[in-house]
Amino acid sequence: MDPQVFAQIARRIADASLEGASEGEMLDSFCTGLNRAGIPVTRALLGADTLHPVLAGRIFAWHRDQPETVLHEFGRSITVEGQRKWQESPFYHLEQSGEAELRFRMVGHNGSYPFPIVADLASEGFTDYLVTMTRFGERAVIGQLDSIYASWSTDHAEGYTDKQIETLRALIPFAAAAIRSASVRRIADTLAETYLGRNAARRVLSGTIGRGEAERISAALWYSDLRGFTRLVDTVTPELIMPLLNDYAGAAVAAVQAHDGEVLKFMGDGVLAIFRAEEDSDGGNLENACRAALNALKACTKDLRAVRNRRANAGLPVTDMSVALHVGEVLYGNFGGEDRLDFTVVGPAVNELSRISGMARSVDQPAILSAAFRSAAGGLREEAVSLGRYALRGVEAPQELFTLDPGSLRG
């Protein structure tokens, strides 16, 4: 290949990476450049493992005759059939053998093929198939992202020439490095969102990482925890505690996020979340935030019934959850030590929320609403039921607390 053309393809994939293109966009750019340079790639697959709480990896499929690259995601669990197919694939062979590539020329081949995929491609009219695995150095590995595996198929009547294969081999590391860059950014987004929450992750990755960097916001505040959890911990084996926490916290997180809330913290068996209200002169958006919190509460209550029934039927320990709802103006941002920060909310309203939540045992209700929350939510005349006035530790004046009518809570 003309050195100038080679440099153009390498520069094109580097530019796509520097511009922040996705893996699929870069694969499309790379394959398009190869074809323009006379390397007749018809079909390309590119895969990479990842670091994700649910997914194990992603595969990007490009085809010359398709309008766009297709993304396939696969989870951590794998079926028996999926495991069999993986072990019959060329990629598995490369992983186990340590080899860098396999090539299969189907032109004039009349015998059997060592891998089912090669026979399938031959039956579809493909004539040449190159499988590659570009491995990273130890210091470049992140989680399971330790290599980029790819395949390059053509239906050209004569397959690839040896010169084209040589050029493709030389260019693939450029593509792998660019793809790794995009995958690392995707992993960073995933980890930040997993451990910080959606909005906090966006803010941190956009540069809000200085200690004390915070903004003043109005929000509906949620704090949920498990009723009788301390007693439960003392009566069951430790191995049963983590699954129980996951089941109950999972219901709370799903409900909060489904109604545009943001989970900020897990504190033992507790979950702190906010439903942010944009500034509005008449307070209407704060009412919307409160309504979102109420809808999340009702959804969580419904899901918890299913969790409790499933666990009880399996003979597993069960408990109940209480949810406290409050509103207020809080500081939302970074707090902590110089090099160990937490992105959360602080302020008197958060302290009051903690005190309100602490009344759960006294009032024996699954939901406790502050008077401020009730008012901000529009009064809730038909739904809210007064629990009386209570002196909250550290709060100057007694506060009237409310719960929801059981029929309303059942939704």
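**Burial, length and pockets**

Reader: What covers the buried residues of H2?
Author: The cover of those buried residues includes helix H1 (3-18), E1, E2, E6 and H6, where contact means heavy atoms within 4.5 Å, and where helices (H or I, at least four residues) and strands (E, at least two) are DSSP runs numbered from the N terminus. This is a predicted model, in which local features need pLDDT of at least 70 and side-chain atom pairs count only at pLDDT 80 or more, while totals for chains, interfaces and linings use all residues. Residues are numbered from 1 along each chain as its sequence is written, and side-chain values use heavy atoms, with hydrogens and water left out.

Reader: Which residues of H2 are buried?
Author: Among them are Glu23, Met26, Leu27, Phe30 and Cys31, buried meaning under 20% relative accessible area, exposed over 50% and partly exposed in between, with a 1.4 Å probe and protein chains only.

Reader: Why is alanine 119 called partly exposed?
Author: Alanine 119, which lies in helix H5, has a relative accessibility of 33% and therefore counts as partly exposed. Its C-alpha atom is 69 Å from that of valine 363, which is 244 residues away along the chain.

Reader: How do you know that the length of helix H2 (residues 23-36) agrees with what its 14 residues should span?
Author: The expected span is 1.5 Å times one less than the number of residues, and because this gives 20 Å for H2, whose end C-alpha atoms are 20 Å apart, the two values agree. Just after H2, glycine 38 has a positive phi of about 95°.

Reader: What makes up the largest nonpolar core?
Author: This core has 43 residues, of which Trp222, Phe275, Leu325, Leu369 and Phe373 touch the most other members, and helix H10 (residues 284-313) gives the largest share, 10 residues. A second, separate core has 34 residues, including Ala10, Ala21, Ala48 and Trp62. Each is called a nonpolar core because its members are buried Ala, Val, Leu, Ile, Met, Phe, Trp, Tyr or Cys residues joined through side-chain atoms within 4.5 Å.

Reader: Which residues lie nearest the centre of the second largest pocket?
Author: Of its 24 lining residues, Glu193, Thr194, Tyr195, Leu196 and Gly197 lie nearest the centre, and H6 supplies the largest share of the lining, six residues.

Reader: How much space lies in the largest pocket?
Author: The largest pocket holds about 1,100 Å³, and of its 36 lining residues the closest to the centre are Ile59, Phe74, Trp86, Ser89 and Tyr149. A pocket is an open set of points on a 1 Å grid over the protein atoms alone, where a 1.4 Å probe fits, with protein on both sides within 12 Å along at least five of seven lines, and lining residues have an atom within 4 Å of a point.

How values were computed: Points joined across faces, edges and corners; volume = space filled by probe spheres on them.
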